[in-house]
Amino acid sequence: MNKLLIVANLKSYKTENEAKEWLENFKKIKEPGQNLENKEIVICPSFTLLSLFSLYISDNNLPVKIGAQNISPFDEGAYTGEVNAKQIKDFADFVLIGHSERRNNFNETDDLLSKKTELSLKYGLTPIFLVQGKDNLIPQEIKIIAYEPIFAIGSGNPDTPENANQIASLIKSKNNIYQILYGGSVTSENVKSFTGMVNISGVLVGGASLDPEELIKIIKNA
Ligand code: PGA
């Protein structure tokens, strides 16, 4: 059985000092009684914080992996401003691909997302591919999906666990997918209603993860 996957997406938040404070508080995840059995935790900070997170996590031996929130659609080369898969692999094991905030604000197309997927795999990063419904195109190689309906993102208005489970089941039946996560207004109060569904094997948490104490509660209750 796969572990329950809990992914925290810190989005475009946290300066270096704020991130240090976040990590100092999140360190409590190591204290006994946090109910971590069979759970895998992935934190996705901004590129500027990847090195800080990765050092802190290894120095403090935290039971956490790192993910990037984005990846260049190009390999290393003359692509000013881009951060490529090979560079990300120095710090991270996972990468988010296809978030609706990127599809909508940066016009990311299916073709671009498939290039990002290819490069992430080439350099040994595990892509977590985000879809907004059952009909998104999913590159063949993808094994982990996060279903995040747009109405639920940052709105305080999550999908119902039953509907999320139904969508997850439809996605699984059409694709060779191992794990489907739910994302969109997940909190410590509602997390269990999603992770308790048969087709849902984890959650992707945005806003609520900005508060490290709340993220610890989400992990504990998942
Ligand atoms: P939210 O965001 O938890 O703030 O709704 C989810 C996400 O966008 O990853």
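In helix H6, the residues Pro161, Ala164, Asn165, Ile167, Ala168 and Ile171 are buried. These residues lie on the same side of H6, because the arc they cover around the axis is only 165°. An α-helix has 3.6 residues a turn, so residues three or four places apart point the same way. The face of H6 turned away from the buried side carries Glu162, Ser173 and Lys174, which are exposed; exposed here stands for over 50% relative accessible area, and buried for under 20%.

H6 runs over residues 161-174, 14 residues in total. From the first C-alpha to the last, H6 reaches 20 Å, close to the 20 Å expected at 1.5 Å a residue. The model is a predicted one.

The ligand site is the second topic. The ligand is surrounded by 13 residues, and the closest are Lys11, His99, Gly154, Ser185 and Gly207. By residue class, this shell divides into seven polar, four nonpolar and two charged residues.

| Residue | Part of the residue | Distance to a ligand oxygen atom |
|---|---|---|
| Asn9 | N or O atom in the side chain | 3.3 Å |
| Lys11 | polar side-chain atom | 2.8 Å |
| Ser185 | backbone N or O atom | 2.8 Å |

On its own, the ligand has 280 Å² of accessible area, and the protein covers 96% of that area. Lys11 and Ser185 from the table are also among the closest residues of the shell.

Technical notes: Residues numbered from 1 in each chain as written. Predicted model: local features only at pLDDT ≥ 70, side-chain atom pairs only at ≥ 80, totals over all residues. Heavy atoms only, no water. Near = heavy atom within 4 Å. Polar contact = N/O pair within 3.5 Å; in protein donor to acceptor, adjacent residues only side chain to side chain. Areas by Shrake-Rupley, 256 points an atom, 1.4 Å probe, with all protein chains shown as cover. Nonpolar A, V, L, I, M, F, W, Y, C, P; charged D, E, K, R; others polar. Helix = DSSP H or I, 4+ residues; strand = E, 2+ residues; numbered from the N terminus. Expected span 1.5 Å × (residues − 1). Buried < 20%, exposed > 50% of the residue type's maximum accessible area, 1.4 Å probe, protein only. Arc of directions from axis to C-beta.
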